[in-house]
Amino acid sequence: MNISVIISTYQGASRILHVLEALKNQIITDFEVIVAIDGSTDRTKELLEKQAFSFKDFKVLEQTNKGRAAIRNFGASAAVGELLVFYDDDTHPLEDSLQKHLKMQQKYKSLCGGLAIEDPLQCRTDIQKYKRYLSLKWTSKYNDGLNELNKENLFLTAANFSIPKSLFERLGGFDERLTDAEDFELGIRALEQGHDVYFDNDNVAWHDDFITCESYIRRQRQYIRANEELSHKLPTELLRKPLIIREMSWRKRLIFYIFSNPALVKMVDEELFTFLPRAFRYKIYDLIITSLGKVYPDKSLI
């Protein structure tokens, strides 16, 4: 199977060369690379045009800003490979990542997500280490190697993802109406149409997700909006249920209200809780992020 690697990017000039460097070190060397730029204003295209790459084929495409789903579809439309492999611009696929995607797809020809997780050596702050802890916790229920998924245990991230181009086209690509969770929705759509979906726990791309507590709370708020967008397409039992204040006991409401103080966010980012045992301070982080990200998503962080 000929491979087309698609990297979508928005304002990624500071990141894009790192993922391309990781692709140069892949065990497999015979593939084309497509960088699809989503209306960036940071001169990503000019940066790439100054570089000399040794890839079999290298394309830089650009369109007006339309969001993650649209830019991935745009890159896929220009691909000549039978197999599409998507990486985000802030990932570093390990040297065997493409090889694992290829071997899996030669046998199954379906959807396959890999692991996109923070490199422990690059986690500088306590909140970044906490995020890696969460990533490991989310994937701990899966076995090593290949896992066949269903609607109840679907885990699919387009940050490290492969699919035959013919299947991608039959499914209609990513839903461009969505601003988030478009990879999850594609997986559900594939399952509903009778296609297999897999998660390869051994196919790793390091994810340079250098969050702060504030940026992570803002992301949680984006997830809430994404669920609202998805609710018209998917049964509610497949979505994360929102935390509704009026359904909570008064004790739980009081706890979340106390931990919704924006001053606590600043304290986390200034690492003022690191003297506490890890399990205890991570519980504090959970409460702060849940309080401001899900229970009080309209509360100012300033």
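In which loop is arginine 43 found? Arginine 43 is placed in the loop between β2 (31-38) and α2 (44-49), where helices (H or I, at least four residues) and strands (E, at least two) are DSSP runs numbered from the N terminus. The structure is a predicted model, in which local features need pLDDT of at least 70 and side-chain atom pairs count only at pLDDT 80 or more, while totals for chains, interfaces and linings use all residues. Residues are numbered from 1 along each chain as its sequence is written, and side-chain values use heavy atoms, with hydrogens and water left out.

The phi angle of arginine 43 is near 65°, a positive value in a residue other than glycine, and arginine 43 is exposed, its relative accessible area being 56%; buried denotes under 20% relative accessible area, exposed over 50%, and partly exposed the range in between (1.4 Å probe, protein chains only). A positive phi, near 60°, is also found for glutamate 271, again a residue other than glycine. Glutamate 271 belongs to the loop between α10 and α11 and is partly exposed, with a relative accessible area of 30%.

In the contact (heavy atoms within 4.5 Å), Pro262, Leu264, Val265 and Val268 of α10 meet Tyr285, Ile288 and Leu292 of α11. These contact residues divide into seven nonpolar, no polar and no charged, where Ala, Val, Leu, Ile, Met, Phe, Trp, Tyr, Cys and Pro count as nonpolar, Asp, Glu, Lys and Arg as charged, and the others, Gly among them, as polar.

Histidine 101, in helix α4 (residues 97-108), is buried, with a relative accessible area of 0%. Not counting residues up to four places away in sequence, histidine 101 touches several residues, including Leu83, Tyr87, Cys112 and Asn160. The side chains of histidine 101 and asparagine 160 are joined by a polar contact of 2.8 Å, that is, a pair of N or O atoms within 3.5 Å, of which, within protein, one must be able to donate a hydrogen and the other to accept it, residues adjacent in sequence counting only if both atoms are side-chain atoms.

Aspartate 119, in the loop between β6 (111-117) and α5 (126-139), is likewise buried, at 13% relative accessible area.
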